[in-house]
Amino acid sequence: MKRELFDFLNTDLQFIKGVGPVLATRFDDVLGGRRVLDFMLHTPAYVRARGVTECVSDATAGDVITIPLLVKSHRTGGVFRGHRRPTQIICNDKMGNTVIIQFFNVNFLDYWLKKLPVGQWRMVSGKLENGARAVINHPEFIEEMQNAAKIPSAQAVYPAGLGLTQKTFANVRDQIFALLPEKLAGADSDITEFFDALRHVHYPESDADLGPNSEYVVKLAYWELLAHQSAIVISRRTRTDARNRRTPRPQRYNLMDKFYAALPFSLTDAQTRTINEIFTDMARDIPMMRLVQGDVGSGKTIVALAAAIKMAETGGQTALLAPTDTLAQQHYAKLRPMCDKIGVVCDILTGRDKGAPRREKLISLRSGRTKIIVGTHALFSDDVEYKDLGLVIIDEQHRFGVSQREALRTKGHNPDMLALSATPIPRTLSMTIYGDMDVSIINEKPAGRIPIKTTKLPIARIDALVSRLRLQIDSGAKVFWVCPLVAESDTSDMTAAHARYDALKKIFPHAGLVHGQMDKKQRDTVMAQFADDNSDMRLLVATTVIEVGIDVPRATIIVIENAECFGLAALHQLRGRVGRGNMQSYCILLYGNNTSTDGMKRLDVLTKTDDGFVIAEQDLIMRGTGELLGTRQSGWINYHFVDYAHHRDLFKLAAAAARDMVAPSDTVRDLMFIFDRGVGINA
């Protein structure tokens, strides 16, 4: 890849005109990165038609319209009798019909009044609200009549977040793609074609241009799969290369007997089989690369601990990498007591650790005293040194990029790698997706687990549900109430969660609230309070931030509002937040009035089975264009363009091309860099 193009793709978004450090941080929250490349891989979710009309009577409430309006007068808002009144711009359309434009944000009042001067015509575009009057709240476009062409007839709508408008996305997109041709000058023709396809997806004319079968999405999906499959081939060849063979580690201590003696329960046959497969791998002269798939509550953590204790028998160290601070803390709380009984030093290292406490932990790691370290990204910080890192365990491995996993792996010398996934992957896909790994499946749950009773309930019965919850909470139950993740900023997940929290807090004054936009420490504090058996907090309103890794055994009820908006895999994960103790647990799927037939089918699947692998297969079969909150399955591999249900043939083509590859071409290396599927290039 040309150095100029490489530097451009790695440019921090804050240096794009109109962004700056504050918006760049907000982009980071949405994109999972703040580079130009991160933005380019974040493609629109759908296309919003902005129909041009000259008469408001020709439009229907809820339509997004573009209409010429004559500004007649201003009514400045303010506070009246304790209520805030919006500023209103009274307008007429060409037929004399009254249209009211409303603004609720007083901070920009002067700006809007100047944009809409009395006696002037303006082309206005926005959503026509429901109600007796024709009202447009906060129009997205206001242009002088000679500039009306600036308003797009079809607008690409991006999945956004707090503080990011669609105008901001469009501005950044336009600047990036205006600069791109200069950066691509002299680039490989395949890479030029790749970015041309990417441009078409960022400038769609209809939803069909964003569908999995569109010409450009298919191209991008193939290139993404080629990068992934090539990384798999390179990984497997590297691992089995004679130069990377190692001498199997001799046993120095006898700890496994203590491990089995310390277990307060009997292992399932599936756990025992998986542990034996792991131990066989660890005894080989080729580093282990194994994925352990286990359904929610199947006991993957104990299997991981067994592997760590086995490594400690050789004197080696284990690093357990978790995607969030909360999950790392929960793993540590589970593992530390067991390790104390066995006589193995277990510690935790996260971004919270500062100063002297952090230095002490680093010294213990460097000396080899700490045998098991649990943590987040802090585990592969530059100042973290291991004496003998022999095993890397990655929990919820799909949440980490290849570069992050490699950063931890290089802290040791050919360490064994064990990945854990709580999201079952359809058996028809697992070998294609994880071709560089051996796969173990834990398909049993520990004895004594009571199946969760799952029911679906129309939103119209929410009052009766709340009354039933009050009785359960008064009896000591703890309840999760999950609100849906909504893509657009004007109807964000945070707003939905806050609205439900405000309503429920009137009934349950000790209710808590967590969501992804909260400060991490504040969120962890609320979660800890909810998990505390002695706390008055019995109900927690949340977004999908609780989907993975939250362990509150006393929680026996979960309500998922607008459940029809979630994918099957996400619903199954959310349901797994309850039923973790020995009490009967319940999952209530609240669905809206306009639930589609496919949406109801998904809810029916959840009520009939709790087998994650069956659910994953059904998810794959049922998923289609435009369904759910998008067509990419976040619970498996974090693909940008690949749709599992529509691109099966592309999997085969990409896998065959990667297998036939003698050595990766420059194009393949560039693609691996773009999609974070390996080192890619040496820049």
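Buried denotes under 20% relative accessible area, exposed over 50%, and partly exposed in between, computed with a 1.4 Å probe on protein chains only. The structure is a predicted model, in which local features need pLDDT of at least 70, side-chain atom pairs count only at pLDDT 80 or more, and totals for chains, interfaces and linings use all residues. Residues are numbered from 1 along each chain as its sequence is written, and side-chain values use heavy atoms, with hydrogens and water left out.

**Two residues with positive phi**

Helices (H or I, at least four residues) and strands (E, at least two) are DSSP runs, numbered from the N terminus. Select His138 in the loop between β9 (135-137) and β10 (141-144). Its phi is near 45 degrees, a positive value in a residue other than glycine. Most residues other than glycine have a negative phi. His138 counts as partly exposed because its relative accessibility is 32%.

Next, select Asn562, in the loop between β23 (555-560) and α18 (568-575). Asn562 is also not a glycine, and its phi is positive, near 50 degrees. With 23% relative accessibility, Asn562 counts as partly exposed.

**Helix α11**

Select residues 325-342, the 18 residues of α11. From first C-alpha to last, α11 reaches 25 Å, close to the 26 Å expected at 1.5 Å a residue; the expected span is 1.5 Å times one less than the number of residues. Centre the view on Leu335, where α11 bends by about 30 degrees, with Pro337 following within four residues. The bend is the angle between axes fitted to the seven residues ending at a residue and the seven starting there. Leu335 is among the buried residues of α11, as are Tyr332, Met338 and Ile342. Just after the helix, Gly343 takes a positive phi of about 95 degrees.

**The open sheet**

Display the 6 strands in the order β19-β24-β23-β20-β22-β21, an open sheet with parallel pairing. The edge strands, β19 (453-458) and β21 (512-514), each pair on one side only. From one strand to the next, the twist averages 20 degrees. Two strands pair if DSSP finds at least two bridges between them; β23 and β24 (residues 586-591) have 4, in the parallel sense. Within β24, Ile588 stands opposite Val559.

Contact means heavy atoms within 4.5 Å; axes are lines fitted to C-alpha atoms, for helices over the stretch in contact, and angles run from 0 to 180 degrees between N-to-C directions. Helix α17 (residues 520-531) lies across β20 (478-482), β21, β22 (539-542) and β23, at about 135 degrees to β21. Helix α19 (residues 597-608) lies across β19 and β24, at about 150 degrees to β19.
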